[in-house]
Amino acid sequence: MSRGWEGEHPAFGAVTLRQLLAWVAHDLGNIAQTARVMARQYREAVGPWRAYLPIMDR
């Protein structure tokens, strides 16, 4: 790593820690979206537990 919280990416050049964390936040959004889609498949199968699984209705 060069100065402070900066590193070198082979294709993008200088990359800051802030930029890397922003990309992680983007990835977490994708994971949340995938979980919501997958949860929908089991709405009826979870029976009465659905009341405790808010992701089923998102």
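This is a predicted model: local features need pLDDT of at least 70, side-chain atom pairs count only at pLDDT 80 or more; totals for chains, interfaces and linings use all residues.
Q: Why is the contact of Glu 44 with Arg 50 called a salt bridge?
A: The closest N and O atoms of Glu 44 and Arg 50 are 3.3 Å apart, and a side-chain nitrogen of Arg has to lie within 4 Å of a carboxyl oxygen of Glu, so the pair meets the cut-off and is called a salt bridge.

Q: What makes Arg 50 and Asp 57 a salt bridge?
A: Here the closest N and O atoms are 2.5 Å apart, and because the limit is 4 Å between a side-chain nitrogen of Lys or Arg and a carboxyl oxygen of Asp or Glu, this pair qualifies too. The structure holds 2 salt bridges, and Glu 44, Arg 50 and Asp 57 are linked by them in a network.

Q: Why is Glu 44 called exposed?
A: Its relative accessibility is 64%, and exposed means over 50%, so Glu 44 counts as exposed.

Q: Why are Arg 50 and Asp 57 called partly exposed?
A: Arg 50 has a relative accessible area of 25% and Asp 57 has 48%; because buried means under 20% and exposed means over 50%, Arg 50 falls in between, and so does Asp 57.

Q: What makes Gly 7 and Glu 8 part of the lining of the largest pocket, and which elements supply the lining?
A: A lining residue has an atom within 4 Å of a pocket point, and the residues listed for this pocket, of about 170 Å³, include Gly 7, Glu 8, Phe 12, Gln 19 and Trp 23. At least two lining residues come from each of β1 (6-9), β2 (13-16) and α1 (17-40).

Q: Why is the lining divided into 5 nonpolar, 3 polar and 1 charged?
A: Glu counts as charged and Gly as polar, whereas Phe and Trp count as nonpolar, so sorting the lining residues by these classes gives 5 nonpolar, 3 polar and 1 charged.

Terms used. Residues are numbered from 1 along each chain as its sequence is written. Side-chain values use heavy atoms; hydrogens and water are left out. On a 1 Å grid over the protein atoms alone, a cavity is a set of points where a 1.4 Å probe fits but cannot get out, and a pocket is an open set with protein on both sides within 12 Å along at least five of seven lines; lining residues have an atom within 4 Å of a point. Grid points are joined across faces, edges and corners, and a volume is the space filled by probe spheres set on the points. Helices (H or I, at least four residues) and strands (E, at least two) are DSSP runs, numbered from the N terminus. Buried means under 20% relative accessible area, exposed over 50%, partly exposed in between (1.4 Å probe, protein chains only).
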